[in-house]
Amino acid sequence: MSSLADSVTITTSNVRGQRHWLLDASIRVVKKPVGLVSALVIGVLVAAALSAPYVAPFDPIAISIETFQAPNTTYFFGTDDLGRDMFSRILHGSRISLYVGFLAVCLGSLGGALVGLISGFAGGWIDMVIQRIVDAVLAFPGIVLAMSLVAVLGTSTTNALLAIAIVIIPFQSRVVRGAVLSVKQNVYIEAAQTIGATPQRIMFRHVLPNVVAPILILISASLGNAILIEAGLSFLGLSTQPPEPSWGLMLSGTGRRYMEEAPWLAIFPGLAIAITVLAFNLLGDVIRDVLDPRLRGT
Amino acid sequence: MTEYIIRRLLSAIPSLVLVSIIIFSLVRLVPGDVVMARLAEGGYADEEQLAAMRAELGIDRPFVTQYVDWGSKAIRGDFGESLWDGKPVLPTIVQRMRVSIQIAIMAIIISVGIAIPMGVISAVKQDTLPDYGARLFAIIGLSMPDFWLATMLLLALTLWIGWLPEFGYFPLWEDPSRNLQALIFPALIVGYRLSATASRMTRSSMLEVLREDYVRTARSKGLQERTIIVRHALKNALIPVITIFGGLLSFMLGGLVVIETIFALPGMGRLALNAVLLRDYPVLQGTVMVMAVIFVTANLIVDLSYAVIDPRIRYQ
């Protein structure tokens, strides 16, 4: 009985000891001070975005006669030329930035991972053709490609999101392909082939789990960039359209027009973008350190 | 070496053909066409007149015919004429390219001046106050949108000095002082953002090289730390940094669109943006093709420069 109890204890402790690597990595990320602070900032931003309709003191698109109010206790970030509360607009703007950032990066990474996986795993002419297409897409400056795609799809937040996702695909696919080529050399792949596993099974069950780390590193590094591209497209009038409250749009419209008379219109939306992107970049650095120990401290 | 260059140039041809097909297809997928865009500016035309206008511009022909016609001319450097003002596309691109290239070169000079010393100090003094300061400076640079940085700079100049720089472009050879005055602020902003990327790369590359055996050997020989860093470590650490600059140069030609818009500069990015908005197919196709050629050439120059920095690299 006692030996059975011992074995049960041992088994349980083994299960406990073998914590999923992703959970383990997350714990290591938040144990670092920079990781914790940036994760907290992102947490606050996500909470603000989700609760914006309930916590924003005013309707973000409601016009009032209180135009150009400097920041005060009623209007924390002041009001714009149409008397709209800037604090409420920035809170609602976080919804657009985070929605576009997260979804564009997820879609782009998914697409890129699939392309990279197929290219690296198949090899031969399939790899050659895919890589030439990737080369061609990489020859476009990202913003020009995004601009052209938005022109084709039409100017809207969702179309900007799709355009950013397409811009991310070639970068992600290159990284995944490189990782796949290295994983393919391992003996366990050869073993899987020997026991007759189908190429699809080898690709998704044996190769994919081993290239998740570089995918996650690139996702964390791309989030800030995706938010910056969206803000840039909004600034150029190619993403979210007025009167929707987008951070980039706020800066390009009233922010720049009334820069001298009402500097808060330019300061707060830009600050919101900078803090958000900074938090994502810092978290990305910590995730990279944790998932790729070779780069730790570099 | 010559054989290598020729082989590299030949291998770029399929990519350039693909770029041309992608951009040619993309612009034709844009809803509406230049005729509709022109009408949107004012005026009315019935179906017959619209068809006549499309026939005159040659945009009613089948896709493949249009592509072959355009491609055969493009190989000879003839990108056609703008559908809006009828001006030949290539001279317009060349004119706009001067502005973007000047900003790019100025920005690269500024960023090299900031990034390399900062990256080296950061690596040599790893995990000390200067290192933390340099890393913070870099990550802030990566996180601030360039259009906000530009707006804040203009705001600071207006509020504190009561002065604004010249807007627009003045050719360097005709009016150097106004030219520099107009371009220095855009170049500073772009340069700062570039230095953020480059200093991070210099730092990580230096850290890797400083752990190499030959650096330890140099130290044990009793060489001065300065000589070790400059002659032994930095030279070897520069290869990834140069790769970044090669990529950035081509990116900047189109990627400066936002900065060009803020400072009213007639560069390549704005040319591409206007072409997208006005459905000016020949201009957009020509601009993207020139950017792609520059991208390929810049990457080739970067690859060749490796051999200059590291004599162990030989091209066959």
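**Entry 1: the interface overall.** I looked up the buried area first: chain A and chain B bury about 3800 Å² between them. Of that area, 79% is on carbon and sulfur atoms. I note that this is a predicted model. I then checked who touches whom: 41 residues of chain A are in contact with 49 residues of chain B.

Entry 2: How many salt bridges does the rule find across the interface of chain A and chain B? I got one. B:R200 forms a salt bridge with A:D285. The closest N and O atoms of B:R200 and A:D285 are 2.9 Å apart, under the 4 Å cut-off for a salt bridge.

**Entry 3: the chain A side.** Next I asked which elements give two or more residues to the side of chain A that touches chain B. I listed α5 (124-138), α6 (142-153), α10 (212-235), α11 (247-257) and α12 (264-291) of chain A. The largest share comes from α12(A), with eleven residues. By residue class, I have 30 nonpolar, six polar and five charged on this side of chain A.

**Entry 4: a helix pair in chain B.** I turned to helix α5 (residues 89-124) and helix α8 (residues 176-210) of chain B. Their axes come within 5 Å and cross at roughly 35 degrees. Is the crossing of α5(B) and α8(B) left-handed or right-handed? I found it right-handed. The residues of the contact of α5(B) with α8(B) divide into 24 nonpolar, nine polar and one charged.

Methods
Residues are numbered from 1 along each chain as its sequence is written. Chains are lettered from A and ligands numbered from 1 in the order in which they are written. This is a predicted model: local features need pLDDT of at least 70, side-chain atom pairs count only at pLDDT 80 or more; totals for chains, interfaces and linings use all residues. Side-chain values use heavy atoms; hydrogens and water are left out. Axes are lines fitted to C-alpha atoms, for helices over the stretch in contact, and angles run from 0 to 180 degrees between N-to-C directions. Helices (H or I, at least four residues) and strands (E, at least two) are DSSP runs, numbered from the N terminus. A crossing is left-handed if the near helix is turned anticlockwise from the far one by less than a right angle, and right-handed if clockwise. Ala, Val, Leu, Ile, Met, Phe, Trp, Tyr, Cys and Pro count as nonpolar, Asp, Glu, Lys and Arg as charged, and the others, Gly among them, as polar. Contact means heavy atoms within 4.5 Å. Buried area is the accessible area (1.4 Å probe) that two parts lose on being put together, summed over both. A salt bridge is a side-chain nitrogen of Lys or Arg within 4 Å of a carboxyl oxygen of Asp or Glu.
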